[in-house]
Each structure stands twice: as C-alpha cells, then as structure tokens.
Amino acid sequence: MYQNVFFLLLLSIMAGLCLHVLSSRRRHGKGIYQMAILLLNGSLLVMICLFLLIGIDLTFEHLVIAVVFIESFVAIYCLILIGVVNDSPTLAIVKALMSARPEGLTEEDLDKFIKAHPFVGSRLEALQITGDVVEQDGVIALTIRSQWIVRIISLYTRLLRIERETG
C-alpha cells in the first residue's frame, strides 16, 4: 500500500542529496542550508511529477505522508549539517583527539586546548558520559565508535568541499 511512497521518498532523498553535494561543491558552501531546503523539496516535487506522468498511483494520503516526511528529513539534515560545516565544541574536541593519536591528549595538552576553546570543558564531560571519549591514566582518547563517526563526517565535508571549521 505504501510501497509507492517509499520509492518516491527514497528517490527524492537520493536525488536531493546528490544535487546538494554537487551544488555545495560548485558554490563552495554559499547558501548551503537554503540549497538543502530547496533541492530536497524540489526533488520531491520532480519525483511526484515523474511518478504521476508514468502512471504510478499516488493518493492524497501518499502526498501528505511524503511531504511530512521530507520536511522532517530536511530539518534533521540541516541540523546535522550545522555540526558538520561549522565549528562546534564537539567537533573541535574530536579533531584534537584525532590529531593526538595514537596516544591521545595528555592532561597538559588538554588544559591548553580548553584554554584556547571556551566552553569545551562542559562538552568534554558530556562526551565522557556518553562514552564517546575515555580517560585512562591521565590521557583522553576517542572510542572506536567515535572514530568512525568522525571519518564519515570528514568524508561528507570533503564531498561538499567546505573548509569552515576552525576547531
């Protein structure tokens, strides 16, 4: 019953994300959030038109579900994109820990880092609570889970060709 909506959303999201990456690379990150909103919504509109043109049955209920889902996806994507593109305390911490591999940051290095990045101390405590960083023998390091998440974020940032982070 909802198979058509599933494929509509899958194709719309894939097309919208590909267009967004290409647009971001071409525009060097200018208007990245507006382009995400426009391209993801535009891809849904184009896919709806294509589905209707080739005779795939879409009811009003299907369209409402698709619109609600795509708007939710756009909101989440833009929030995640903020963390990927801009400097955030978490990203700054993770990048510092990645550059200090394999040993991690010593207490002295960590103190220097915290002084250079205000409000990092509280975020570092939160990362320890969630298990994203561990402290052993006075050295703080990333967990394996956090390392692969950072690699994915770095890959996506390189795909977008954006170099805005200062952390």
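**Thr143 and its surroundings**

Modeller: Once neighbours within four places in sequence are left aside, Thr143 is in contact (heavy atoms within 4.5 Å) with Gly131, Asp132, Val133 and Val134. The model is a predicted one, in which local features need pLDDT of at least 70 and side-chain atom pairs count only at pLDDT 80 or more, whereas totals for chains, interfaces and linings use all residues. Residues are numbered from 1 along each chain as its sequence is written, and side-chain values use heavy atoms, with hydrogens and water left out.

Thr143 occupies the loop between strand E3 (139-142) and helix H7 (144-160); helices (H or I, at least four residues) and strands (E, at least two) are DSSP runs, numbered from the N terminus. With a relative accessible area of 15%, Thr143 is buried, a term that means under 20% with a 1.4 Å probe and protein chains only, exposed being over 50% and partly exposed in between.

As for the whole, the protein has seven helices and three strands, arranged along the sequence as α-α-α-α-β-α-α-β-β-α. Of its 167 residues, 35% count as buried. Among contacts between residues at least 6 apart in sequence, 72% join residues at least 24 apart. The protein exposes about 10,200 Å², of which carbon and sulfur atoms supply 67%; these areas come from the Shrake-Rupley method with a 1.4 Å probe, and for residues only the protein chains shown count as cover.
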